[in-house]
Amino acid sequence: TPELGRESQHQRRALSHYHTLPVRLQRLLWVLCINGALLALEAILQRLSGTNKLLWIMATRFHSAPELQFGPYAYRSNAASYINLIWPVCLGFWILLRKAAIRRHRAGTRVGGGSYVVLLPCAVVMAAAPIFSVSRGGAAVAILNIGLATVLLFIAARREGALIRASMLSLFVAILGFSAYLGWKQLQERLQNIFVDNMSDRPQIYTNAFPMTRDFPVFGTGPGTFGTIYQLYKQENQVWDAYVHDDFLETRITFGWVGFGAGLLALGLVLLRWFFRSGIPCSWEFVAFAWLALAGCLFHAKFDFPFQIYSILFLFLLFCSTLFCLSRK
């Protein structure tokens, strides 16, 4: 009948409002979130088992001690950077799907039983893993992002009841409690030794690397060449390092100001894209949490080398590409 037809059309229109992301992009985010949670869980179990073999399969040539590894990564900070990139996006994806479920509920369908609830425990495990990894930089980024994510969640839930806000606060308390129970003792020892070990001799690397920026200021030495030319700048009795442990400085050395400036310009376009229309409409919550993930990785890159690891670099570019396609409603 015409009445049923109008009602069905109205319901379809109401349901269409929650499709803020294409189906294929949602599937990709589901894969990343579930895979990241399994990776974090495997890394935690591997550390607890005390094995020095990655994935309980292969021993490493470098960083052979179990406390230096984490999951499939021979360097714990790389594992922490990878996981810190995923869990804020996972949390933002959960908010997106939860609001979609609320809209469906208003359109006549049930809320609270959707598959999106799985994303919360995934985010908890992933947020706790970088702290348990005993990576000082990874733990600092995780704790800082947990605090900022709490603020974003409270802003997103400002129109909801006190019970919902209390539940969100208890979520982050659970994250910190879980991670402190697992690895705070070992992390505390490393934090106390941060000045004793001179930040793992990073200042020495920086002192040797800065002259490269003066010798090759415009176009740099070429991508991936730092490890080769570092031997020409280090002292005879010093270690031949392959990375600067500062991706901003290494980018200036290998790409010069031209390449470094082009990268900053591209990153700025990604961050500003949401404010312009004509893209895929998306709520601000998901975009804000994606920005939070990228900012955490950029902060960690100032003291380590996550962008020299292909898996981290690819994931960072994937999120940048996603954000460049999204815009405000």
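Is Leu-55 buried, partly exposed or exposed? Leu-55 turns out to be partly exposed, with a relative accessible area of 39%; the cut-offs are under 20% for buried, over 50% for exposed and partly exposed in between, using a 1.4 Å probe and protein chains only. What you're looking at is a predicted model, where local features need pLDDT of at least 70, side-chain atom pairs count only at pLDDT 80 or more, and totals for chains, interfaces and linings use all residues. Residues are numbered from 1 along each chain as its sequence is written, and side-chain values use heavy atoms, with hydrogens and water left out.

**The overall picture**

- The protein chain has 11 helices and 4 strands; these are DSSP runs numbered from the N terminus, with helices being H or I of at least four residues and strands E of at least two.
- Of the 329 residues in the protein chain, 44% are buried.
- Take the contacts (heavy atoms within 4.5 Å) in the protein chain with a separation of 6 or more: 72% of them are between residues 24 or more positions apart.
- The protein chain's accessible surface comes to about 17,100 Å², and 66% of that belongs to carbon and sulfur atoms; the areas come from the Shrake-Rupley method with a 1.4 Å probe, and for residues only the protein chains shown count as cover.

**Cavities**

- The structure holds 3 cavities of 30 Å³ or more.
- A cavity here is a set of points, on a 1 Å grid over the protein atoms alone, where a 1.4 Å probe fits but cannot get out, and lining residues have an atom within 4 Å of a point.
- A volume is the space filled by probe spheres set on the points, which are joined across faces, edges and corners.
- The largest cavity has a volume of about 60 Å³, and its lining includes Trp-94, Arg-98, Lys-99 and Glu-160.
- Helix 3 (76–106) and helix 5 (136–156) each supply at least two residues of that lining, with helix 3 giving the most, 4 residues.
- By type, the lining of the largest cavity splits into 6 nonpolar, no polar and 3 charged residues; Ala, Val, Leu, Ile, Met, Phe, Trp, Tyr, Cys and Pro count as nonpolar, Asp, Glu, Lys and Arg as charged, and the others, Gly among them, as polar.
- The second largest cavity comes in at about 40 Å³, and Ser-81, Asn-84, Cys-297 and His-300 are among the residues lining it.
- Helix 10 (284–301) and helix 3 each bring at least two residues to this second lining, and helix 10 has the largest share, 4 residues.

**Two loop residues with positive phi**

- Most residues other than glycine have a negative phi.
- Leu-55 isn't a glycine, yet it has a positive phi of about 55°; it sits in the loop between strand 1 (53–54) and strand 2 (58–59).
- Val-134 also has a positive phi, near 70°, and its place is in the loop between helix 4 (119–132) and helix 5.
- Val-134 is buried, with a relative accessible area of 7%.

**A look at helix 5**

- Buried residues in helix 5 include Arg-136, Val-141, Asn-145 and Leu-153.
- Asn-145 has a relative accessible area of 3%.
- Leaving aside residues up to four places away in sequence, Asn-145 touches Trp-87, Pro-88, Leu-292 and Gly-296.

Notes. On a 1 Å grid over the protein atoms alone, a cavity is a set of points where a 1.4 Å probe fits but cannot get out, and a pocket is an open set with protein on both sides within 12 Å along at least five of seven lines; lining residues have an atom within 4 Å of a point.
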